[in-house]
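Please read the following report alongside the sequence and the 3D view.

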Amino acid sequence: MANTGFTLWFTGLSGAGKSTLSEAIEKRLQQHGRNVEILDGDIVRTHLSKGLGFSREDRDTNIKRIAFVCSLLTRNGVVCISAAIAPYREARDWARHEIGNFVEVYVKCPIDVCRQRDVKGLYKLVDEGKLKGFTGVDDPYEEPEYPELIIETDKETLDESVTHILNKLVELGYLDPTYLEETADVR
Ligand SMILES: Nc1ncnc2c1ncn2[C@@H]1O[C@H](COP(=O)(O)OP(=O)(O)OP(=O)(O)O)[C@@H](O)[C@H]1O
Ligand SMILES: [Mg+2]
């Protein structure tokens, strides 16, 4: 089990908590010596998917590229974390099929709370009419039907969410129970 690669696939609205959770989980896994790679939507779009926009076709292409990289890493024992919005069910299901060891986590948060958080100031731009085609506002977000886990970030703290995710990964057999023990911060 020690080196089983898997992909932790977060999906949810902008501001729901995908990047925050990715970094927290990465830290916990690295403390156990695991190789972890985060494919975050923002970073991917400046490199791997540079030039792609936000049409359905471009969003699907973006997700397929992320899934392809995840599949390569996963089969080599890496823990791969995808932190893109991934709004379309079909593309996520394609990723699941492509990758195999796939754990879909719906990072669920009401849009009003995401708007209040407005981590990147994007909701303000949307409200000012300066940003169109924004997921959850005037572009679709298709909720997962059968995610392995739902995390409601308006109802729990980051630490609680991290614990829920690690518990699920242990339950699914991707991590051994020692991962549930807090390790001293090694940074
Ligand atoms: N339980 C929780 N899990 C994760 N984030 C939380 C939680 N509770 C509150 N937050 C806060 O919610 C915000 C989430 O912002 P974050 O940038 O992670 O969202 P995102 O899903 O990556 O958005 P985007 O798609 O725009 O990149 C952060 O400010 C974080 O501190
Ligand atoms: Mg993010």
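Predicted model: local features only at pLDDT ≥ 70, side-chain atom pairs only at ≥ 80, totals over all residues.

Residues are numbered from 1 along each chain as its sequence is written, and side-chain values use heavy atoms, with hydrogens and water left out.

Ligand 1 is surrounded by 18 residues (a residue is near a molecule if one of its heavy atoms lies within 4 Å of it), and the closest are Ser 14, Gly 15, Lys 18, Thr 20 and Lys 120. By residue class, this shell divides into 6 nonpolar, 8 polar and 4 charged residues, where Asp, Glu, Lys and Arg count as charged and Gly is among the polar ones. Helix 1 gives the largest share of the shell, 4 residues.

| Residue | Protein atom | Distance to a ligand 1 oxygen |
|---|---|---|
| Ser 14 | side-chain N or O | 2.6 Å |
| Ala 16 | backbone N or O | 3.4 Å |
| Lys 18 | side-chain N or O | 2.7 Å |

Taken alone, ligand 1 exposes 640 Å², of which the protein buries 81%, with areas from the Shrake-Rupley method and a 1.4 Å probe.

Elsewhere, Gly 133 lies in the loop between helix 6 (122-127) and strand 5 (149-152). Gly 133 has a relative accessible area of 23% and is therefore partly exposed, a class between buried (under 20%) and exposed (over 50%). The C-alpha atoms of Gly 133 and Asp 60 are separated by 15 Å, the two residues being 73 apart along the chain.

Terms used: Chains lettered and ligands numbered in written order. Polar contact = N/O pair within 3.5 Å; in protein donor to acceptor, adjacent residues only side chain to side chain. Helix = DSSP H or I, 4+ residues; strand = E, 2+ residues; numbered from the N terminus. Buried < 20%, exposed > 50% of the residue type's maximum accessible area, 1.4 Å probe, protein only.
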